[in-house]
Amino acid sequence: MLLAGTSYAAKSSRSSAADGSSLTVVIDAGHGGHDRGGIPGQRVAEKDMTLDVALRLRNILSANGYNVVMTRSTDVFVPLGGRVAIANSYRNAVFVCIHFNATPRSGASGIETYFYSRESLPLASAIHYYVASGAPSENRGVRRRGYYVLRKTNVPAVLVECGFLTNPTEAAYAQTTSYRQRLAEEIAAGVRRRNAVGSGFGTTRVATAESIPLQPYMDQTKVTSSKKSRSKRSHKKSARKKKSSSKRSDSEARAASSDREG
Ligand SMILES: [Zn+2]
């Protein structure tokens with residue numbers, strides 16, 4: 001089971017050079033610095049696991065010819081707005097956020113992958129396909145949710161939860177370098193094959209737009225109205241509105257990072 005992904009890596013390495021030269025992959029290691037991630041009292045710090053997988057992913061993608069940018073490459077805290085700003089400063093880019101899950105219920109386990117914009121779905125499906133099939137964990141599916149880092153990015157953006165650090169089995173896996181390397185390789189495979197959803201994955205369990213549960217998120221109407229205001233109002237007005245709405249979003253984000261994105 002642990003070596004099952006090797007053939008994928010070998011198969012897809014041929015096609016990677018073609019798009020690898022121009023695409024920028026912005027890798028976002030969740031949390032960092034004073035923000036450990038996870039839940040209070042959690043033994044294994046999420047921030048260390050996310051950074052290690054992110055650095056491994058950087059090495060793999062760089063070796064495959066991708067332009068790789070890290071939102072952090074050390075144990076520092078980067079605000080969510082800063083992470084998004086980095087991603088949005090690249091044009092032909094994708095944004096990959098790496099997290100591990102946590103919950104007080106230690107039995108909870110599995111891999112889940114989040115996206116928000118429609119254009120992010122192929123990347124989410126591909127990454128989820130590889131990570132879920134490479135992990136000895138439950139497949140919790142591809143889900144749509146308005147996480148700040150997914151909502152505010154202008155490029156395809158995906159957040160992958162690489163298992164529960166509050167689950168003894170998954171935490172034990174996460175603490176081995178071989179498993180973290182495996183996770184990085186599967187995420188890289190998803191980046192390489194991000195446009196193959198719907199053809200190559202036809203017989204596998206990949207969520208389609210119809211089967212993805214649309215989860216409730218507070219500000220769907222705000223997103224719609226701010227789009228309208230951008231096209232109908234003057235630059236000055238929309239800039240003002242943007243400023244005030246980003247202030248709101250920052251406090252939202254702070255609230256979210258202590259809870260849903262924690
Ligand atoms: Zn996290």
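**Close-up views of the β-sheet and its helices**

**View A. Crossover from β1 to β2.** β1, helix α2 (residues 46–63) and β2 form a right-handed β-α-β unit. Right-handed means that, with the strands pointing away from the viewer, the path from the first strand over the helix to the second runs clockwise. Helices (H or I, at least four residues) and strands (E, at least two) are DSSP runs, numbered from the N terminus. The model is predicted: local features need pLDDT of at least 70, side-chain atom pairs count only at pLDDT 80 or more, and totals for chains, interfaces and linings use all residues. Residue numbers start from 1 along each chain as its sequence is written.

**View B. Pairing of β1 with β2.** Strand β1 (residues 24–29) runs parallel to β2, joined by four bridges; two strands pair if DSSP finds at least two bridges between them. Thr24 lies opposite Asn67 in β2, and Val25 lies opposite Val68 in β2.

**View C. The open sheet.** Six strands in the order β2-β1-β3-β6-β4-β5 make up an open sheet with mixed pairing. Its edge strands, β2 (67–70) and β5 (139–144), each pair on one side only. From one strand to the next, the twist averages 20° (axes are lines fitted to C-alpha atoms, for helices over the stretch in contact; angles run from 0 to 180 degrees between N-to-C directions).

**View D. Helix α4 on the sheet.** Helix α4 (residues 121–134) packs on the sheet and touches β3 (93–101), β4 (111–115), β5 and β6 (157–164); contact requires C-beta atoms, placed from the backbone, within 7 Å. The direction of α4 makes about 170° with that of β4.

How values were computed
Two residues are in contact if their C-beta atoms, placed from the backbone, lie within 7 Å.
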